[in-house]
Each structure stands twice: as structure tokens, then as C-alpha cells.
Amino acid sequence: MLEGSRDILQSKANRRDLVTESDLACQECVRSALSEAFPNDRFLGEEDVGAGSLASQESLRNALDIDGEATVYLWIVDPIDGTTNFQAGLPLYCVSIGLVSIPNCNSKQQSQRPERVLGVVYNPVLGEMVSAVKGRGAYVNGKRLIVGETSSSPLSQSIINIGFPVVQEATLQASAKAVAALALQVRALRMIACASQAMVWVAQDKIQSYTSWDLNAWDVCAGIVIVEEAGGCVVDMRQNDDDDDDDKDDRNTLSIRDMIVCSPSGGTELGESIRRVLEENDCIDY
């Protein structure tokens, strides 16, 4: 990918939402490897989905819809997360690969929800691969990620990464308001514009939160597994902790699109502090 083509093939939702030749080539490379190793599994890649939030949500619902007795596994892939960074030659882009276990809807198992069970995020420029399997911890280049004991990080001592959600102008406006609302209350703000990279740095406690709107499944599936296995957490910006609401439909809690991801030192307390600031400054709804 370091030598991949940066030529822009097209824009999707708007001029900010780019697709390069390397996005397509990388996705086919990942798809080929996964289909050879796991021929019965499903695959959902960003480049197979049309532009816009509705297309993204529909593609996820369709991928989670199964009919059969056995559990189905779904690979959710962003072949180049941070395409604009990649196209510009900035070293902040990753391959993001997540795996979801989907029990049959007629299953008598206690949990009948799709569940994120594996995540891999690879930055080829940094040579860093961060991975996690549910219940088995998180790893950086094969070494167990253990975040040292630190005191909790209050908002005033935290580095917060704010997302730059490009598909809708309304989400960009929410992001801009959040920057203004948080700027004087935190240690520092960053806008990395690569969700998976931000999330693995949250897992490593290099930054204490990644906060963004209108995120797609391929943006965060892998990162959420890694963050949670490292001891961090995900807070639904609309108040419900990730995967805790029994009333969500579509058999999925993977549909949460507005989230606050917090490091082990930040935890839910930091997430709630950020959410309150966003709510008080009208940064949640768009």
C-alpha cells in the first residue's frame, strides 16, 4: 500500500469523500485472502456500498440478515481508513478488519445479538498492527497491550480527537461546534481523520477519547473490539452505553453511529463528561 496509486477514481457522497485506485485494489486483496481462508463467511467492504448514511445502514442490515441454523461470521472491512490522508501523502491511514458473529435469529442461545469478536488495524507506514479477540486481550505487533496503572483522566487533562464526518454538512457543523465547545476544557484537541488509527491510540491511552458522528460499521468495528479488550469503553452519544440497550431493533447494536470512545484511564466518566458538554452546546443532533 505504501506504493499504491493515489489517483482519485471518484467521489462518493461529495468532493470530500474520495475513492482511490488503491482503495479498490486493497479491498479485493483483503476479500480474496479472507474468502480463501474462510469460504463460508460473509464480507462487507466499504467500497461495495453506495454513498451516504442510508446506504451504509441498509448494507449493514442486509449483511446481518441470516436464515439458517448455524452461526454466521461477517467480516467488516475498510480497506483504507483515512483515504484523504493517504491521497495527500499523510501517514495517517490504516487497514481495518473486524469480525462479527451473527447467531441465527431462531437460536435459543441467551444472547441472540450480533457480536464483535475480532479486530485488526494495520498502519503500514508506522509498521504497527494492533489486534484483539474478544476475551483474549489486545496486542500491538504481537505483544500484549497492557496500559500502565494511571489515575483517571478528567476532561481537563485529556487529549480528545474529534472526528471530521464528511458525508453530511450537518455532521461537519456538529463537529465544528464540538471543537469550539471542548477547546477550552481539555488539554488538547486533535483531528486525525482516521477513525481506526484514533481508536487504537485510545486503546493505548495515547489519547483519551475519540468522539465522532455518523460513523459506519467499517469505521469502528475493529477498533471497538481493540478498545474494549484494552480496558476502554464506548459510550453512545445519545446516552446508551454500547451493547446495553435491550430495546434496539435490527438484531444489532452495531448500528450506533454517534459515539464517544474512551481510553482505559478515561472510562465512562470521561465519556459522560464529553457527552454533557456536547449536549449543552447542541452538538449531538444533526
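Predicted model: local features only at pLDDT ≥ 70, side-chain atom pairs only at ≥ 80, totals over all residues.
Ser212 itself lies in strand S12. S12 and strand S14 (residues 259–262) run antiparallel and are joined by 4 bridges. Ser212 counts as buried, because its relative accessibility is 2%. Leaving aside residues up to four places away in sequence, Ser212 touches Gly163, Phe164, Pro165, Met237, Arg257, Asp258 and Met259.

S12 and S14 belong to an open sheet of 5 strands, ordered S11-S10-S12-S14-S13, with mixed pairing. Strand S11 (188–190) and strand S13 (233–236) are its edge strands, and each pairs on one side only. On average, neighbouring strands of this sheet are turned by 20° against each other, direction ignored.

## Asp214

Asp214 lies in the loop between strand S12 (209–212) and H6. Is Asp214 buried or exposed? Its relative accessibility is 9%, so Asp214 counts as buried. The side chain of Asp214 makes a polar contact with the side chain of Ser53, at 2.5 Å.

Apart from residues up to four places away in sequence, Asp214 touches Ser53, Val167, Gln168, Thr171, Arg257, Asp258 and Tyr286. Arg257 and Asp258 are also among the residues that Ser212 touches.

## The seven-stranded sheet

A second open sheet has 7 strands in the order S3-S4-S5-S6-S7-S8-S9, and its pairing is mixed. Strand S3 (42–45) and strand S9 (143–144) stand at the edges with a single partner strand each, so one side of each has no neighbour in the sheet. Strand S7 (residues 128–133) pairs with strand S8 (residues 138–140) in the antiparallel sense, over 3 bridges. Here Tyr139 of S8 is the bridge partner of Ser131.

Helix H1 (residues 21–37) touches S3, strand S4 (72–81) and strand S5 (94–102), and its direction makes about 150° with that of S4. H5 touches S4, S5, strand S6 (115–123) and S7, and its direction makes about 70° with that of S7.

## Strand S5

How many of the residues of S5 are buried? The count is 9 of 9, so S5 is largely enclosed by the rest of the structure. In a regular strand, side chains alternate between the two faces of the sheet. In S5, Cys94, Ser96, Gly98, Val100 and Ile102 point one way, and Val95, Ile97, Leu99 and Ser101 point the other way. Residues of both sets are buried.

S5 pairs with S4 in the antiparallel sense over 8 bridges. Ser96 of S5 is the bridge partner of Asp78. S5 also runs antiparallel to S6, joined by 7 bridges. There, Leu118 of S6 is the bridge partner of Leu99.

## Helix H5 and its partners

H5 packs on the seven-stranded sheet. H5 also lies across strand S10 (159–162), S12 and S14, running at about 150° to S12.

Helix H5 (residues 195–203) packs with helix H6 (residues 217–230) at an angle of about 0°, and their axes are 9 Å apart. That angle is why H5 is roughly parallel to H6. From H5, the contact uses Ala195, Ser196, Met199, Val200, Val202 and Ala203. From H6, it uses Asp219, Val220, Gly223, Ile224, Ile226, Val227 and Ala230. By class, the contact of H5 with H6 has 10 nonpolar, 2 polar and 1 charged residues.

Conventions. Residues numbered from 1 in each chain as written. Heavy atoms only, no water. Axes fitted to C-alpha atoms, helices over the stretch in contact; angles between N-to-C directions. Helix = DSSP H or I, 4+ residues; strand = E, 2+ residues; numbered from the N terminus. Parallel < 35°, antiparallel > 145°, perpendicular 65-115°, else oblique. Contact = heavy atoms within 4.5 Å. Nonpolar A, V, L, I, M, F, W, Y, C, P; charged D, E, K, R; others polar. Pairing = 2+ DSSP bridges. Buried < 20%, exposed > 50% of the residue type's maximum accessible area, 1.4 Å probe, protein only. Polar contact = N/O pair within 3.5 Å; in protein donor to acceptor, adjacent residues only side chain to side chain.
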